[in-house]
Amino acid sequence: MPHADHFGPLRGEAPPVVHALDFSAWKRPFVRHCFPASDVKFVSHLSAVPRDGCVLLWGRREPESLPQGVRVLRVEDGFVRSVGLGADLVRPMSWVIDSRGIHYDANSISDLEHLLQTTDFDDALRQRARALGDTIVSDRLTKYNVAARPWQRPSDARRTILVPGQVETDASLAFGAPGIRRNMDLLRAVRTAHPDAYVVYKPHPDVVARLRAAGQDESSALRWCDEVAVDVSMDSLLDAVDELHVMTSLAGFEALLRRKRVTCHGLPFYAGWGLTTDHIPCPRRSRKLTLDELVAGVLIRYPVYFDRNGTGRVSPETALEQLRTWREQSGGRQPWWRPLMRMVLRQVVGVR
């Protein structure tokens, strides 16, 4: 059942020419897959973009002097990405394309927010979304799918709360967390509000891999939690805990798929729809969604998915099947040369 008809919100309206600004060589094939009907031109200066043209940017980047009349599109990693870390330059299985903003910038509406606020989700789409979510849960898929030992909940543990760490310099915190923006501030707030809970803190995998900098005072996490879970799988944690507290972490959405309680201290894309406990309101998001409707927007209508063999786009269902096969073949483990690549990346790119 390929479902090859849905390829994101830009279906049927891709511009004839796309000027992709400052995209590295390894990303360029995926840019072309995103716009198969467009003439993609890779440029390094805005001066190459005509006044009535279209420029493609990575993430929340803001050029200093954008010519008036230029249409802006943005791309970012999707929500089910790979077997391995994006910071390791592991090839992605999905990206998102956005013509209004980007999903983690809560300061303005994005294509995803527009989809969730306005789409008439019919029964067929809701059923497809439920099957997709069930596949993710039953196949134990997460964003990165890296190998790690399973987490065991202590036999005498009381109500258990997971606090997933984030990279504190990440754009999703700069643009989606108007209140708490530091991991230890979140952890402290959770401990203060839930003094009797068993609180587990999981550092971000990019930080553990030393590809991104640790947060402020992150080494003091055990002052505010009962356990720091480093080399354990996110899937097993999500299965075993009772609830999550997040700033903007994607783990909150993954927890919703597993029918866990989620409290948002920021404004991630999945907050404000009646499925989470929200510390910060978003009046624009005035609609109540079911979980199946949220999944339909987030995993079917918004992203584009790439064939593992590099031939172009595939449906979400095919992407999940290929991702599962990829993980099974690799055992979720990275190749022997990955640590060497990380050393090179730290020298060339630096730890951000």
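## A buried tyrosine and its stacked partner

Tyr 302 has a relative accessible area of 0% and is therefore buried. This description rests on a predicted model. Phe 79 is likewise assigned to the buried class, its relative accessibility being 5%.

A pair of aromatic rings is characterised by two quantities, the distance of the centres and the angle of the planes. Across the whole structure, a search identifies eleven aromatic pairs. In one of these, the ring centres of Phe 79 and Tyr 302 are 6.2 Å apart and the planes meet at 25 degrees; because planes under 30 degrees apart count as stacked, this pair is classed as stacked. Phe 79 belongs to the loop between strand E4 (71–77) and strand E5 (94–98), whereas Tyr 302 belongs to the loop between helix H9 (291–301) and strand E12 (303–306), so the contact ties together parts 223 residues apart in sequence.

## A tilted phenylalanine pair

Phe 253 and Phe 269 also form an aromatic pair, with 5.7 Å from centre to centre and 55 degrees between the planes, an arrangement classed as tilted. Phe 253 is located in helix H8 (residues 251–257), and Phe 269 in the loop between strand E10 (261–264) and strand E11 (277–278). The two residues are 16 residues apart, and their pairing links distant parts of the chain. Phe 253 and Phe 269 are both buried.

## Aromatic cluster and charges over rings

Ring pairs join Phe 23, Trp 26, Phe 30, Trp 58, Trp 95 and Phe 306 into a cluster. One member of this cluster, Trp 58, has Lys 27 over its face, at 3.5 Å from the ring centre.

Another charge lies over a tryptophan ring elsewhere: the charged end of Arg 308 is positioned over Trp 326, 3.7 Å from the centre of the ring.

Strand E6 spans residues 160–164, and five of its five residues are buried. In a regular strand, side chains alternate between the two faces of the sheet. In E6, Thr 160, Leu 162 and Pro 164 lie on one side, while Ile 161 and Val 163 lie on the other; both faces are covered.

E6 is joined to strand E7 (residues 198–202) by five bridges, and these two strands run parallel. Within E7, Lys 202 is the bridge partner of Pro 164. E6 also runs parallel to strand E9 (residues 243–246), to which two bridges connect it. Here Leu 162 of E6 stands opposite Leu 244 of E9.

Definitions and conventions. Residues are numbered from 1 along each chain as its sequence is written. This is a predicted model: local features need pLDDT of at least 70, side-chain atom pairs count only at pLDDT 80 or more; totals for chains, interfaces and linings use all residues. Side-chain values use heavy atoms; hydrogens and water are left out. Rings of Phe, Tyr and Trp (its six-membered ring) pair if their centres lie within 6.5 Å; planes under 30 degrees apart count as stacked, over 60 as edge-to-face and the rest as tilted. Helices (H or I, at least four residues) and strands (E, at least two) are DSSP runs, numbered from the N terminus. Buried means under 20% relative accessible area, exposed over 50%, partly exposed in between (1.4 Å probe, protein chains only). A charge sits over a ring if NZ of Lys or CZ of Arg is within 6 Å of the ring centre and within 35 degrees of the ring normal. Two strands pair if DSSP finds at least two bridges between them.
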